[in-house]
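Hi,

Here is the structure I promised to pass on. Have a look at it first, and then read my notes below.

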Amino acid sequence: MQGSVARQGRLSPMERKLRVAGGQLGPIQRADSREQVVDRLLALLTEAADLGCELIVFPELALTTFFPRWHVPDLAEFDHFYETEMPNAVTQPLFDEARRRGIGFSLGYALIERADDGTVHRWNVQTLVDTTGEIVATFKKVHIPGHDTFDPERPFQHAERYFFEPSPDGFGVWDAFGARVGMMICNDRRWPETYREMGLQGVELILCGYNTPIHYVPDPSQDELQGFHNKLVMQSGAYQNGTFVVGVAKGGVEEGVASLCESIIVAPSGQILAEATTDGDEVIWADLRLDWCKQYTGTLFDMDYYRRPEVYTRLTTMRGPNG
Ligand code: ING
C-alpha cells in the first residue's frame with residue numbers, strides 16, 4: 001500500500017526525510033526452513049529498496065514459527081528455534097543484500113546465550129542493522145506476556161514466560177538513519193511506559209514487530225477488538241510522545257492459529273500513514289518528515305516544560321495496585 005506525504009505537508013529540500021517500509025510476513029509454519037523464510041525476507045527487502053526505502057522493519061520472531069504456542073517439558077527441546085549469533089550463516093545473505101542495496105532493517109528473532117559459567121539465557125530480541133549492514137543495536141523484549149507452565153485448558157499455549165527472560169536493560173534510543181530510533185517488541189506496545197521511556201530520550205521513530213493471536217484465552221471478548229487495540233496503543237503512544245511508530249506483523253493462520261496482521265505506520269499526530277491490506281507478505285511504506293515530531297514535542301508535549309515527575313512517584317516505585 002503506497003505511503004502518503006500529503007497529510008504531512010510538502011517536504012522542503014532542507015527537511016530531514018526518511019522513507020521507511022514495514023515488511024509484513026504471513027504465517028511461518030513449523031516445517032518452513034529458515035532458508036525459505038530468509039528468501040521471503042529478501043523479497044520484501046528488495047521491494048522496499050526498489051521503492052527507495054532506507055529502512056525496512058520486519059516482525060517479531062521473523063525466522064521461525066511462533067513456537068511459544070506449544071509447551072515442552074524440557075526447554076532444550078526447542079533450542080533449535082533460537083539463534084546463537086547474529087548474523088549467522090542463514091541470515092548473512094540478508095545482511096549482504098542490505099549492504100549492497102543500501103537499506104537497513106530491524107529483525108525479530110529468538111536468541112540463546114550460553115555464558116562461560118554455564119548459565120543459559122533465552123531472549124526475544126530485535127536487531128537494528130544500518131544501511132552499511134552493520135549492527136546498530138539489539139533490543140531485548142521487556143514485557144513478556146502469557147504464562148510459563150503448561151495450561152491444559154488452552155486450545156494453544158502462549159508460554160512466552162517459559163521460553164524468554166524479561167530484558168534487564170529497558171528501552172534504548174540510538175542515532176541511526178538521521179533520526180533518534182528506538183525499538184519495542186509486541187506486548188511492549190501495549191504499555192504506555194514503553195513509549196514514555198523512549199520519549200524521554202527524544203525518540204522520533206519506534207520500530208515494533210509483533211505476533212498477536214486473535215483469540216485471547218483469558219478474555220475472548222477481546223478477540224474482535226484485536227485490530228482496534230493494536231491501532232489504539234500505537235496511535236496513542238505515537239501521539240503522546242510525538243514520535244513515528246512502525247508496527248509490523250507476522251500474521252495469518254500459523255499452525256492453525258489465526259494471528260493479527262494490520263501492520264501500520266503511524267505519524268506523531270497519531271494519524272496512520274500506511275496500513276497493510278493483506279494477511280500475507282506485504283510491503284507498506286511512507287515518507288517520514290522527521291521534523292513533524294517537533295510539532296508535538298515542542299508544543300503540546302513539551303516534556304521539559306509540562307511533565308510533573310515530582311508527583312508521578314508511583315510510576316517507578318510500584319509494580320501494580322497491590323504494591
Ligand atoms: N503477543 C501478544 C501481544 O501482546 C497477546 C500477547 C496475545 C495479547 C493475544 C493479547 C492477545 O500482542 C506477544 N507476542 O506479545
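Before the notes, one cut-off you'll need: a residue is called exposed when its relative accessible area is over 50%, buried when that area is under 20%, and partly exposed in between. Please also keep in mind that this is a predicted model.

**Salt bridges**

The same helix holds another pair. D96 and R99 join their side chains in a salt bridge, with an N to O distance of 3.1 Å. Helix α2 covers residues 92-101, and because D96 and R99 are three residues apart in it, about one helical turn separates them. D96 has a relative accessible area of 33%, so it is partly exposed. R99 is partly exposed as well, at 43%.

Elsewhere, D151 pairs with R154 in a salt bridge whose closest N and O atoms are 3.2 Å apart. D151 counts as partly exposed because its relative accessibility is 23%, whereas R154 is buried at 16%. There is also a network of salt bridges that links R16, E204 and D291. In total, the structure holds 21 salt bridges.

**The ligand**

Which residues come nearest to the ligand? There are 15 residues around the ligand, and the nearest of them are E160, C186, N187, R190 and T212. For T212, an N or O atom of the side chain is 2.6 Å from an oxygen atom of the ligand. N187 has a polar side-chain atom 2.8 Å from a ligand oxygen, and R190 also has a polar side-chain atom 2.8 Å from an oxygen of the ligand. Taken alone, the ligand would expose 370 Å², and the protein buries 95% of that.

**Cysteines**

How many disulfides are there? The count comes to zero, with two sulfur atoms having to lie within 2.5 Å of each other to qualify. Take C53: the closest cysteine sulfur is that of C293, 18 Å away, so the two are too far apart for a bond. C53 itself is buried, with a relative accessible area of 4%. C208 is in no disulfide either, and the nearest cysteine sulfur to it, 6.6 Å away, belongs to C186. C186 is one of the residues that come nearest to the ligand. C208 counts as buried because its relative accessibility is 0%.

**On the surface**

L225, F228 and L232 make a nonpolar surface patch of about 270 Å². L232 lies in helix α5, which runs over residues 226-241, and at 41% relative accessibility L232 counts as partly exposed.

P321 is in the segment after α8 (314-317). It has 82% relative accessibility, so it counts as exposed. From P321 to R308 is 13 residues in sequence and 21 Å in space, C-alpha to C-alpha.

Most residues other than glycine have a negative phi, and most peptide bonds are trans. A few places here are worth a look with that in mind.

- M86 and P87 are joined by a cis peptide bond, with omega about 0°. P87 sits in the loop between β2 (55-57) and α2.
- L61 is in the loop between β2 and α2, and its phi is positive, near 45°, although L61 is not a glycine. L61 is buried, with a relative accessible area of 0%.
- E255 is not a glycine either, yet its phi is positive at about 50°. E255 is found in the loop between β10 (252-254) and β11 (257-259), and it is partly exposed, with a relative accessible area of 34%.

Best wishes

Conventions
Residues are numbered from 1 along each chain as its sequence is written. This is a predicted model: local features need pLDDT of at least 70, side-chain atom pairs count only at pLDDT 80 or more; totals for chains, interfaces and linings use all residues. Side-chain values use heavy atoms; hydrogens and water are left out. Patches are made of residues with over 30% relative accessible area and no salt bridge: like charges are joined within 9 Å, nonpolar side chains (Val, Leu, Ile, Met, Phe, Trp, Tyr) within 5 Å. Accessible areas come from the Shrake-Rupley method with a 1.4 Å probe; for residues, only the protein chains shown count as cover. A salt bridge is a side-chain nitrogen of Lys or Arg within 4 Å of a carboxyl oxygen of Asp or Glu. Helices (H or I, at least four residues) and strands (E, at least two) are DSSP runs, numbered from the N terminus. Buried means under 20% relative accessible area, exposed over 50%, partly exposed in between (1.4 Å probe, protein chains only). A residue is near a molecule or strand if one of its heavy atoms lies within 4 Å of it. A polar contact is a pair of N or O atoms within 3.5 Å; within protein, one must be able to donate a hydrogen and the other to accept it, and residues adjacent in sequence count only if both atoms are side-chain atoms.
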